[in-house]
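Please read it alongside the sequence and the coordinates.

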Amino acid sequence: MDELLYGAAYYPEYEPEYRTDQDLSMMKEAGMNVIRIAESTWSTWEPREGEYDFSILEDTLEKADQYEMKVIVGTPTYAVPAWLVKKDPDVLATTAEGRGLYGRRQIMDIMNPTYRNAAEALIRHMMPVVESHDCVIGFQLDNETKHYGTAGANVQKLFVNYLKEKFGTVQAMNKAFGLAYWSNSIGSWDDMPDVRGTINGSLAAEFERFQRKLAADFLLWQRHIIDEYRKPSQFVTHNLDFDWKQDEKAPGGHSWGVQPGMNHLEASKALTVAGVDIYHPTQDDLTGAEIAFGGDSTRCLKQAPYICLETEAQAFRYWTPFPGQLRLQAMSHLASGACGVEYWHWHSIHNSYETYWKGVLSHDMRENRIYKECKEIGQDMKRLSPWLKGAHKENQVALIVDNDSQTALKYFPIGDDRSQPGAQFISYNDLVMTYYQALYRQNIECDVIDVHALPGNIDQYKVIVTPALYCASDETIRLLREFVDHGGTLISSFKSFFTDENVKVRTGLQPYGMTDVFGCYYQEFTRPGTTKIKGLPITIWQELLIPDDSEIVKAIYYQHPYWGQYAGIVRNYFGMGRAVYIGCNCDENLLEDVILNACEKADVDLVEDIDARHEEEETLDFPLILRTVINESGQKVHFLMNYSQRKFKIRCPYRIARDLLNDQVYKGNDLVDMKDWDVLVLLEED
């Protein structure tokens with residue numbers, strides 16, 4: 001790509017009146033250069049079986065050619081038409097809750113033959129319509145694909161075949177999953193019961209792993225169809241999304257942690273360019289952490305720039321951005337390695353489910369404050385395009401995520417049974433984000449990588465962080481042991497290395513296979529109650545660590561009349577490296593100190609304290625976030641972002657730097673004014 005992509009999802013088929021010329025003209029005026037179209041309206045393109053009407057699509061493409069607007073075409077397969085369900089009710093997925101009713105999107109059985117045949121026919125009729133248009137730069141497969149809980153009889157049969165291939169015999173499976181418990185073992189594959197009723201967490205987790213594989217294979221199936229038509233210059237992408245967290249910051253929810261319904265690493269095999277959807281709190285709750293986590297994990301899938309295919313413009317009433325925040329958000333995506341930013345969506349919809357998920361334009365469809373800020377961003381994108389070609393990162397820290405551990409900890413939660421009144425627990429994603437933010441808030445940039453990508457990536461890091469790596473295979477344990485032995489630093493949280501890859505608890509001392517690496521072991525864990533560590537309370541989870549009797553082992557002990565003989569945090573030297581085990585859900589400030597100390601000892605290239613003042617108050621780290629990319633010429637481009645209402649005077653942290661947004665040159669002693677919710681994009685010069 002010769003320039004950064006900037007635009008929006010665009011659905012003229014949703015608009016009350018025809019206005020494509022006006023829309024595209026306004027987009028061009030705002031500096032937008034790309035639209036994403038077509039993925040949402042199967043029933044418009046095929047109102048009745050075998051009757052295709054792509055007139056709106058053809059007109060949109062012709063107008064895009066005319067206005068020199070790039071286009072990403074989505075395959076319209078994630079929302080099925082009513083006639084298809086009438087033809088075959090089994091098109092609707094049967095899940096743990098039974099079969100759903102028609103109406104919502106993403107309710108289909110992605111393995112249903114009727115659905116597959118109709119989806120393929122639709123794609124094959126659509127592709128000749130779009131392939132002749134030069135404006136089409138790429139294709140998006142489906143939309144936020146997941147397995148949707150599909151668990152009907154056809155999927156159960158496929159699962160049995162999967163188990164046969166993996167284990168060979170029922171005896172091997174029975175042993176791996178411990179199915180003797182409550183008489184759950186089976187004597188023949190024909191006796192395999194409906195998995196939806198299982199009480200065995202290992203079998204349940206295996207089924208979810210299988211479901212995620214179905215979703216990834218579904219994208220690959222679509223990719224093979226698209227490949228028959230697309231030009232070599234046209235990319236294939238998909239808008240991966242994350243788990244969805246609802247809290248007081250965003251009652252409607254926002255992107256949070258690892259997606260449980262799709263393994264992103266598996267899904268990325270179907271893509272030439274990774275794509276992502278990231279939604280996050282704004283106004284006083286805008287921190288940039290969700291943007292950074294989503295970007296860091298998506299960038300690492302292909303070790304290359306990615307496209308943010310969806311993010312918010314206005315959206316919910318509590319997401320209406322303060323002045324300057326839309327610009328800061330756009331720059332935050334680029335700071336994580338994105339090569340494009342698109343809003344969902346261009347215009348607010350006037351009816352149905354997402355009426356109040358507002359786009360760039362409000363319901364009056366006229367120029368507004370958001371649109372005017374988009375025009376500023378469009379100019380920024382043009383200025384930055386030459387400097388961000390081939391942008392990449394060279395991070396020395398990696399945070400490891402794992403779908404299998406996420407699933408297992410749903411069945412065996414950290415803390416209390418979440419269904420009980422007054423339950424105290426922490427979810428896998430909450431813990432992952434706690435550890436990620438402990439890095440982020442201290443300006444320690446990291447890659448977010450799937451545990452199964454470790455073999456190809458491990459040697460490039462100085463520090464690896466594993467929050468709740470509950471399921472760890474012998475191979476994973478071997479890799480991490482060697483990493484530390486050869487000089488790396490490992491930071492692991494409680495609930496790491498507890499089971500094997502089949503969610504079967506190990507029989508050795510915990511943390512299994514790593515006790516000599518961390519210089520400690522434990523046999524007991526408990527609810528913390530009044531326990532403190534370094535004078536600070538701990539919550540939810542406490543492992544009673546017994547440190548080795550060695551001078552090289554350094555431990556921080558609990559403060560409690562009975563648990564005081566046990567440690568909560570242990571540091572150890574192992575081989576040429578270091579290891580830190582954090583056996584409790586400790587205070588976030590203490591967690592930040594432990595992580596920073598470990599990174600310093602590992603000689604990670606840390607950001608020096610930012611010399612910034614707000615009135616007489618000195619500020620370090622958050623809300624000032626510094627993120628760096630390296631362009632194809634090897635030049636460092638630094639994004640210095642202010643996630644607050646405060647105004648700062650900042651001393652230029654580089655000998656010479658040029659602000660690429662206004663061409664102003666600063667020297668090391670120059671003071672730079674930073675407004676509220678502001679961003680500086682600094683090219684470090686010799």
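**Sheet, cavity and pocket**

Leu640 stands opposite Leu680 in S38. The model is predicted, so local features need pLDDT of at least 70 and side-chain atom pairs count only at pLDDT 80 or more, while totals for chains, interfaces and linings use all residues. Residues are numbered from 1 along each chain as its sequence is written, and side-chain values use heavy atoms, with hydrogens and water left out.

**The sheet**

- Strand S33 (residues 636-642) and strand S38 (residues 679-685) run antiparallel and are joined by five bridges; two strands pair if DSSP finds at least two bridges between them.
- Both belong to an open sheet of five strands, in the order S32-S33-S38-S35-S36, with antiparallel pairing.
- Strand S32 (624-630) and strand S36 (665-667) are the edge strands, each pairing on one side only.
- On average, neighbouring strands of this sheet are turned by 30° against each other, direction ignored.
- Strands (E, at least two residues) and helices (H or I, at least four) are DSSP runs, numbered from the N terminus.

**The helix across the sheet**

- Helix H11 (residues 325-335) lies across S32, S33 and S38, where contact means heavy atoms within 4.5 Å.
- H11 runs at about 145° to S33; axes are lines fitted to C-alpha atoms, for helices over the stretch in contact, and angles run from 0 to 180 degrees between N-to-C directions.

**The largest cavity**

- There are six cavities of 30 Å³ or more, a cavity being a set of points on a 1 Å grid over the protein atoms alone where a 1.4 Å probe fits but cannot get out.
- The largest cavity holds about 200 Å³ of space, a volume being the space filled by probe spheres set on the points.
- Its lining has 18 residues, with His264, Ser297, Leu301, Val401 and Asp450 nearest the centre; lining residues have an atom within 4 Å of a point.
- Helix H9 (264-267), helix H10 (289-302) and strand S17 (447-450) each give two or more residues to this lining, and H10 has the largest share, four residues.

**The second largest pocket**

- This pocket has a volume of about 760 Å³; a pocket is an open set with protein on both sides within 12 Å along at least five of seven lines.
- The second largest pocket is lined by 27 residues, and Asp605, Leu606, Val607, Thr628 and Lys636 lie nearest its centre.
- S32 and S33 each supply at least two lining residues, and S32 gives the most, with three.
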